[in-house]
Amino acid sequence: MSIPFLKGHGTENDFVIVPDPDNALDLTPAAVAALCDRRSGIGADGVLHVVRSAAHPEAKGMAADAEWFMDYRNGDGSIAEMCGNGVRVFARYLQHAGHVTEGDLTVATRGGVKTVHIAKDGDVTVGMGSARLPEGDVTVSVGDRTWPARNVNMGNPHAVAFVEDLADAGDLYAPPPFSPPSAYPEGVNVEFVADRGPRHVAMRVHERGSGETRSCGTGACAVAVAAARRDGADPSVTGTPATYTVDVPGGRLVITERPGGEIEMTGPAVIVATGEIDTEWLENAVR
């Protein structure tokens with residue numbers, strides 16, 4: 001027996017895609033971690049479990065607004081609220097499978113219903129909602145160095161620190177310590193950001209539950225929001241959109257924040273392979 005899967009990436013943030021319209025599969029945290037293992041499994045930063053909203057208990061309430069639910073899991077098997085690059089790849093899969101065509105669609109996530117536009121040139125734009133900026137000072141550390149960080153919530157938590165050089169982030173194998181602990185009781189995605197030019201930054205990220213990844217869509221949005229506030233370009237104050245180019249190790253994303261608060265992220269999404277998961281292997285891997 002086998003389970004169909006696909007492999008895809010958005011700016012090299014890569015995913016195992018598991019189509020399961022009727023939510024018939026029991027994807028335990030151990031199974032997800034086994035699939036994402038880069039040596040003994042398929043290898044990915046996370047799993048995109050593709051389920052019809054009406055078939056998933058967490059998404060039934062969104063079924064009238066979005067047919068498909070992105071049941072996203074981090075590489076360690078933990079559940080995440082949202083994944084910006086994942087939504088773009090999820091939409092590309094729906095197009096690849098013939099469920100949608102170019103143009104507009106909606107995708108249900110644990111962070112709410114997201115609007116998506118698949119362009120003819122191949123790029124995918126996702127309406128990421130608006131950012132929340134919790135009050136309170138936050139710091140992040142690497143070794144004996146500490147930086148102030150901006151607390152930005154994009155449906156999942158981020159700490160954005162501006163640094164002189166991206167090498168200041170260290171190896172990012174382990175989660176960078178943050179303070180105070182109460183700011184992120186369930187952990188946090190940490191972005192280290194360096195300037196590249198006017199409204200142009202570069203970032204590295206440690207994603208909660210996955211380690212350093214080649215890209216993070218919600219992280220790029222959080223970085224653009226933090227940079228706009230730092231630069232005095234808050235659209236709610238200026239009345240004009242703020243667009244930032246955000247370079248990630250895996251490519252480039254373009255983030256626009258509108259005066260009403262809506263944030264749009266544009267970037268590539270690619271399906272690279274299809275295959276089958278051997279169920280006997282998976283059962284043995286999780287024992």
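**Note on the predicted chain**

1. In helix α1 (29-36), the residues A31, V32, A34, L35 and C36 are buried, where buried means under 20% relative accessible area, exposed means over 50%, and partly exposed lies in between (1.4 Å probe, protein chains only). The cover over these buried residues includes strands β2, β3 (46-52), β4 (68-74) and β18 (270-278), together with helix α5 (279-285). Contact here means heavy atoms within 4.5 Å. An α-helix has 3.6 residues a turn, so residues three or four places apart point the same way.

2. On the basis of the model: it is predicted, local features need pLDDT of at least 70, side-chain atom pairs count only at pLDDT 80 or more, and totals for chains, interfaces and linings use all residues. Residues are numbered from 1 along each chain as its sequence is written, and side-chain values use heavy atoms, with hydrogens and water left out.

3. Overall make-up. The chain has 5 helices and 18 strands; these are DSSP runs numbered from the N terminus, with helices being H or I of at least four residues and strands E of at least two. Of its 287 residues, 51% count as buried. Among contacts in the chain with a separation of 6 or more, 61% are between residues 24 or more positions apart.

4. Dimensions. For 287 residues a compact globule would have a radius of gyration near 19 Å, and the chain, at 18 Å, agrees with that. The radius is taken over C-alpha atoms, and the globule rule is 2.2 Å times the number of residues to the power 0.38. Along the principal axes, the C-alpha atoms fill a box of roughly 55 × 40 × 30 Å.

5. Surface and charge. The chain exposes about 12,300 Å², of which carbon and sulfur atoms supply 49%; areas come from the Shrake-Rupley method with a 1.4 Å probe, and for residues only the protein chains shown count as cover. There are 24 positive and 39 negative charges, and their mean positions are 3 Å apart. Lys and Arg count as positive and Asp and Glu as negative, without His and the chain ends; each charge is placed at NZ of Lys, CZ of Arg, CG of Asp or CD of Glu.

6. Aromatic pairs. The whole structure holds 3 aromatic pairs. Rings of Phe, Tyr and Trp (its six-membered ring) pair if their centres lie within 6.5 Å; planes under 30 degrees apart count as stacked, over 60 as edge-to-face and the rest as tilted. W147 and F192 have ring centres 5.9 Å apart and planes at 80°, so this pair is edge-to-face. It links distant parts of the chain, with W147 in β9 (residues 145-153) and F192 in β12 (residues 189-197), 45 residues apart. Both W147 and F192 are buried.

7. A second pair joins F178 and Y184: the centres are 5.2 Å apart and the planes at 85°, so it too is edge-to-face. F178 is partly exposed at 24% relative accessibility, whereas Y184 is buried at 4%.

8. Backbone points to check. Most residues other than glycine have a negative phi, and most peptide bonds are trans. The bond from S179 to P180 is cis, with omega near 0°; P180 is found in the loop between β11 (178-179) and β12.

9. Phi of N23 is positive, near 55°. N23 belongs to the loop between β2 (13-19) and α1 and is partly exposed, at 24% relative accessibility. Phi of L172 is also positive, near 55°. L172 is in the loop between β10 (157-162) and β11 and is buried, at 3% relative accessibility.
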